[in-house]
Amino acid sequence: MSQHVLSRYFDAFNRKDIEGMLDCLSDEVAHYVNEGDIRTGKEAFRGFCDHMAKCYDERLTELVLFEAEGGRRGAAEYMVNGTYLQTDEGLPEANGQTYRLPAGSFFTLSEGGIIRIVTYYNLSDWIRQVS
């Protein structure tokens, strides 16, 4: 189950289709943002995606999906290829810098969709690339 749902989720991400991403999530999804707070629910996730779309233009490549526990758990390793569009609060000033950053995400799934997303990347590497 997880491979199909995760493939849809990442395909929607690369199409910049927030609604498509939301369709993969449970209503009670818990989103553990790298270096940030836990956001709960689809509306909080939508807000995060809207903010990200204003500040960053990203495409994921070199995607590898993993599945465990009969499809209840999943993981992904990928490369983030991005452009820093608009200054994000507390981060360096944006002026169209590009970056390439390895990242990974971990997922828990239920019949209702993805119920947990945890994403990790090296923030200091990203800051070095855009500074």
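Leaving aside neighbours within four places in sequence, phenylalanine 107 is in contact (heavy atoms within 4.5 Å) with Leu6, Tyr9, Phe10, Arg72, Arg73, Gly74, Ala75, Ala76, Ile114, Arg116 and Ile117. Welcome to a predicted model, in which local features need pLDDT of at least 70, side-chain atom pairs count only at pLDDT 80 or more, and totals for chains, interfaces and linings use all residues. Residues are numbered from 1 along each chain as its sequence is written, and side-chain values use heavy atoms, with hydrogens and water left out. Below, the tour goes from the overall fold to the core, the strands and the charged pairs.

**Overall fold**

- The protein chain has four helices and six strands; these are DSSP runs, numbered from the N terminus, with helices being H or I of at least four residues and strands being E of at least two.
- Read from the N terminus, the order of elements is α-α-β-β-α-β-β-β-β-α.
- The protein chain has a radius of gyration of 14 Å, which agrees with the value near 14 Å for a compact globule of 131 residues; the radius is taken over C-alpha atoms, and the globule rule is 2.2 Å times the number of residues to the power 0.38.
- Along the principal axes, the C-alpha trace spans about 45 × 30 × 25 Å.
- Among contacts with a separation of 6 or more, 55% are between residues 24 or more positions apart.

**Surface and burial**

- The accessible surface of the protein chain is about 7200 Å², and carbon and sulfur atoms hold 50% of that; areas come from the Shrake-Rupley method with a 1.4 Å probe, and for residues only the protein chains shown count as cover.
- Buried residues make up 43% of the 131 residues, where buried means under 20% relative accessible area, exposed over 50%, and partly exposed in between (1.4 Å probe, protein chains only).
- Glutamate 35 lies in the loop between strand 1 and strand 2 (38-40), and with a relative accessible area of 65% this glutamate is exposed.
- The C-alpha atoms of glutamate 35 and threonine 83 are separated by 20 Å, the two residues being 48 apart along the chain.

**The nonpolar core**

- The largest nonpolar core has 31 residues, of which Tyr9, Phe10, Leu25, Phe45, Phe107, Ile114 and Ile117 touch the most other members.
- Such a core is a set of buried Ala, Val, Leu, Ile, Met, Phe, Trp, Tyr and Cys residues joined through side-chain atoms within 4.5 Å.
- In soluble globular proteins, nonpolar side chains tend to be buried together.
- Histidine 31 is found in strand 1 and is buried, with a relative accessible area of 3%.
- Beyond its neighbours within four places in sequence, histidine 31 is in contact with Asp37, Ile38, Arg39, Phe45, Phe48 and Ile117.

**Strand pairing**

- Strand 1 (residues 25-32) and strand 6 (residues 113-121) run parallel and are joined by four bridges; strands pair if DSSP finds at least two bridges between them.
- In strand 6, isoleucine 114 is the residue that stands opposite leucine 25.
- Strand 5 and strand 6 run antiparallel, with eight bridges between them, and a hairpin joins the two strands through two residues.
- Serine 105 stands opposite threonine 119 in strand 6.

**Salt bridges**

- The structure holds 10 salt bridges, each a side-chain nitrogen of Lys or Arg within 4 Å of a carboxyl oxygen of Asp or Glu.
- Arginine 46 and glutamate 43 form one of them, with the closest N and O atoms 3.2 Å apart.
- These two partners are three residues apart in helix 3 (residues 42-55), so about one helical turn separates them.
- Arginine 46 counts as partly exposed at 23% relative accessibility, whereas glutamate 43 counts as exposed at 55%.
- Arginine 100 forms a salt bridge with glutamate 62, the closest N and O atoms being 2.4 Å apart.
- Arginine 100 lies in strand 5 (residues 98-110) and glutamate 62 in strand 3 (residues 56-68), so this pair ties together parts that are 38 residues apart in sequence.
- Arginine 100 is partly exposed at 40%, and glutamate 62 is partly exposed at 48%.
- Salt bridges that share partners join Asp11, Arg15 and Asp17 into one network.
- Within that network, the side chains of arginine 15 and aspartate 17 meet at 2.6 Å, N to O.
- Arginine 15 is partly exposed at 46% relative accessibility, and aspartate 17 is partly exposed at 24%.
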